[in-house]
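Thanks for making time, everyone. Please look at the sequence and the structure on the screen while I talk.

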Amino acid sequence: MVLTVRNAGHPADAHANRVLEVVRGGFSERSDDVVTLSWIRCLNQYNLRPDKPRDPAVMGRVLLEERRVRHAAVLECARYEMTTLYQQLADTEMAVLLTDTDGVILHMVSSPEFAAEVGPLGLRAGGIWSETEAGTNGMGTCLAAASPVCVRREDHFYTQFTQLTCSAVPVCDPAGNIVAALDVTSRSSLMQQHLLVLLTMTARMIENRLIDHQFRNAHPLHFHSRPEFVYTLHEGKLAVDDDGRVLAANRSALFQLGLQSMDEIRSRRIEDLFQTSLPDMLQRSASSSFHPVVTYRTNAASRFFAVARRPASTADALSLPSSASGMPSPGGASMALAKGKARPVARRAPAVARVFEDPRLAAQLEVARRVIARGTPVLLCGETGSGKEVFARSLHESSPQASGAFVAINCASLPEALIESELFGYCAGAFTGAQKAGRRGKIQQADGGTLFLDEIADMPLELQSRLLRVLDERRVTPLGTEESHAVDFQLISASHRHLPTLVREGRFREDLYYRLAGIEVQLPPLRERTDKLALIRGMLATEGGSDAVLSAEAERMLMAHSWPGNVRQLGHVLRTAAALADGEPITRAHLPALAVNLHAPHDAEHVPQVGGERLGAAPMQAADAQTAAPHNAQHDDAHASARLNPIQANERQLLLQMLEQHRWNVSNVAKALDISRNTLYRKIHKLQIEVSHPEQSA
Ligand SMILES: Nc1ncnc2c1ncn2[C@@H]1O[C@H](COP(=O)(O)OP(=O)(O)OP(=O)(O)O)[C@@H](O)[C@H]1O
């Protein structure tokens with residue numbers, strides 16, 4: 001079904017007449033519900049006429065980008081949650097949308113088909129859905145009424161929107177002001193109650209993230225009357241300054257403390273709320289390894305379970321469990337460490353939508369979760385880029401040691417000489433060039449958390465023996481000292497190489513192999529995964545920017561590709577395609593690497609890589625072989641690429657290839673990429689491509 005847009009001037013239809021009748025007839029047909037009140041506002045305050053629909057108002061790209069910059073915090077906090085909600089709803093005829101307080105759509109997650117159908121109605125990034133522009137509708141009416149609303153088909157003011165049903169909820173900043181509306185618009189009018197609940201939960205998650213984001217320098221305090229609800233969406237959450245004064249609170253915190261508004265809690269001290277102080281809470285939380293500790297409400301008998309942490313921004317903070325948001329919180333989502341020890345900041349988790357819908361993968365994750373909870377080491381095997389680290393992080397975040405650090409070390413990327421000091425640490429003056437104060441090794445950093453040894457096959461044999469000893473004794477001895485320290489960590493290791501073969505060849509210790517492989521998990525390559533589509537859509541939303549949309553053809557190409565570089569390659573391809581598409585729907589023209597790849601043998605040794613990983617041929621090698629780049633383009637290639645970041649360098653290669661293919665005819669390249677010549681020139685300039693070729697006429 002294709003949705004229709006009625007032109008202005010269309011004769012008043014039955015729906016418009018009904019709206020007019022209800023409003024003018026003293027609205028006896030409907031009570032004073034939110035929809036009728038909105039119709040009255042539309043007619044009497046904004047002078048809209050249901051029989052005179054307007055053309056959809058859509059903001060230009062430059063203005064939209066300005067708004068997105070202005071609302072960067074809420075956008076950043078909402079993106080992941082919106083993608084997750086979209087995946088949960090699993091309905092292709094629906095969109096998840098976020099507007100600012102003027103009703104301007106900042107971000108939209110939907111299938112390309114649905115986006116194409118509703119785009120002409122203005123339901124797309126930049127579309128303005130305030131009540132004053134679009135009459136009664138989910139987003140606009142939610143903002144006007146400052147409350148959750150469901151606007152079913154004929155509830156809309158204008159007939160052109162009566163094929164849609166929208167549910168929307170407000171999203172508030174930590175001060176309690178509405179900053180956005182979160183909306184689901186679909187064809188179906190069923191299940192709206194259920195939808196409103198899901199939307200409200202998603203809005204709460206975004207609000208919790210906003211607190212983390214805005215109060216990175218404050219101490220987070222999590223609490224609930226039931227311990228199992230701490231670190232969940234239902235927890236009360238406070239941001240507290242160094243003096244123990246409350247800077248912000250989430251809704252659940254207000255509710256649990258019996259308060260009505262932020263004004264009642266702002267600037268109050270922890271001692272006014274609980275029978276404890278911030279230093280006491282921090283100390284007790286650290287000694288309980290950040291498991292909730294009992295505290296009582298001041299002047300009341302109510303009991304709470306609470307945890308206080310050091311600010312996410314401090315140097316002694318480390319990764320948080322996924323907790324209330326399901327993902328590491330923005331800004332590094334950190335926590336202070338157990339036993340009050342200062343620890344360095346752990347490697348920041350990539351902000352990815354983690355998709356594990358493939359039944360085999362999901363089952364493996366479940367088994368690994370159960371096993372690691374009993375202290376058994378997990379060995380992850382799988383091709384390069386198949387998601388071993390992402391899997392390991394997910395495992396850590398749902399493990400009993402989730403409140404500890406996830407400390408990763410890639411044994412392949414460090415020189416042999418450095419692995420030892422990185423892993424075991426060293427004391428002051430251990431060797432020339434050592435830091436004065438000495439340094440805690442990764443193993444000690446992982447105390448109370450998870451140690452992830454990536455590319456374990458590359459660990460030198462002599463270090464394998466030392467590691468084995470640490471695993472057996474649960475003690476680590478830094479370089480340059482005899483003193484050992486007790487350590488307690490979960491162990492996950494990973495390799496894309498076949499360890500039993502290395503054991504047979506004498507290159508890997510057999511005893512260590514058995515020690516690491518308490519359970520061995522084989523991660524499937526992307527080409528064998530059944531959740532490829534969910535992964536493509538989920539990653540496009542995170543990699544490609546807010547308005548990246550795939551055409552049906554592009555989606556087919558992505559689904560059909562053999563993906564020798566696995567999920568990592570998919571990420572690179574999507575990011576590059578979105579950059580080339582520049583806001584337009586992604587088409588075949590934006591996937592040149594796939595076109596090349598499709599003709600290459602399905603062998604990792606021969607397939608060129610988009611991202612430049614060492615998976616066989618160098619990036620663009622196949623393309624270079626087909627068309628020789630002109631001397632001046634090649635000349636500065638290395639220099640220019642070195643100045644660009646990897647994505648830009650990659651984009652530059654693709655663009656050079658296209659320019660070559662079209663014999664440097666900029667108009668033809670612009671046409672092939674479906675962008676304007678000006679945009680193309682801007683890209684050429686930005687990517688430092690020398691255009692000394694006079695443009696050839698077609
Ligand atoms: N399940 C997933 N959901 C979303 N993105 C994923 C998933 N798995 C992997 N990715 C993406 O693919 C990239 C590569 O993943 P990861 O680093 O975990 O692979 P790997 O197997 O550890 O690679 P290597 O063998 O090179 O160490 C990540 O940056 C991440 O963005």
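A494 sits in strand β20. Helices here are DSSP runs of H or I with at least four residues, strands are E runs of at least two, and both are numbered from the N terminus. This is a predicted model: local features need pLDDT of at least 70, side-chain atom pairs count only at pLDDT 80 or more, and totals for chains, interfaces and linings use all residues. Residues are numbered from 1 along each chain as its sequence is written.

Is A494 buried or exposed? A494 counts as buried, because it has 26 C-beta neighbours inside 10 Å. The cut-offs: buried takes 20 or more other C-beta atoms within 10 Å of a residue's own, exposed takes 12 or fewer, partly exposed is in between, and C-beta atoms are placed from the backbone. K388 is 106 residues away from A494 in sequence, but 6.7 Å away in space, C-alpha to C-alpha.

Now the strands around it. β20 covers residues 490–495, and it pairs with β13, residues 378–381, in the parallel sense over 4 bridges. Pairing means that DSSP finds at least two bridges between two strands. V378 stands opposite I492 in β20. β13 has another parallel partner, β21, residues 519–522, again over 4 bridges. There, L380 stands opposite V521.

On to the ligand. Which residues come nearest to it? Of the 21 residues around the ligand, they are G387, K388, E389, V567 and R568. A residue is near a molecule if its C-beta atom, placed from the backbone, lies within 6 Å of it.

Why does the ligand lie between two domains? Because domain 3 (359–522) and domain 4 (527–686) both give residues to its shell. The domain bounds come from an automatic or database domain assignment.

Take R568 next. R568 is in helix α21. R568 is buried, with 22 other C-beta atoms within 10 Å. R568 and S386 are 182 residues apart in sequence, yet 7.1 Å apart in space, C-alpha to C-alpha.

W563 is not a glycine, but it has a positive phi of about 50 degrees. W563 counts as buried because it has 25 C-beta neighbours inside 10 Å.

Compare S267, in the loop between α9 (251–256) and α10 (270–273). S267 is not a glycine either, and its phi is positive, about 75 degrees. But S267 counts as exposed, because it has 11 C-beta neighbours inside 10 Å.

The expected span is 1.5 Å times one less than the number of residues. α19 is mostly covered, with 9 of its 12 residues buried. Those include K532, R537 and E543.

Another helix, α4, runs over residues 72–89. α4 reaches 25 Å from first C-alpha to last, close to the expected 26 Å. Where is the kink in α4? It is centred on A78, at about 35 degrees. That bend is the angle between axes fitted to the seven residues ending at a residue and the seven starting there. A78 is also among the buried residues of α4. After α4 comes A90, with a positive phi near 45 degrees.

Last stop, β1, residues 94–99. 6 of its 6 residues are buried, so β1 is largely enclosed by the rest of the structure. In a regular strand the side chains alternate between the two faces of the sheet. Here M94, V96 and L98 are on one side, A95, L97 and T99 on the other, and all are buried. β1 pairs antiparallel with β5 (residues 178–186) over 6 bridges, and M94 has S186 as its bridge partner there. β1 also pairs antiparallel with β2 (residues 105–110), over 5 bridges. In that hairpin, G103 takes a positive phi near 80 degrees.
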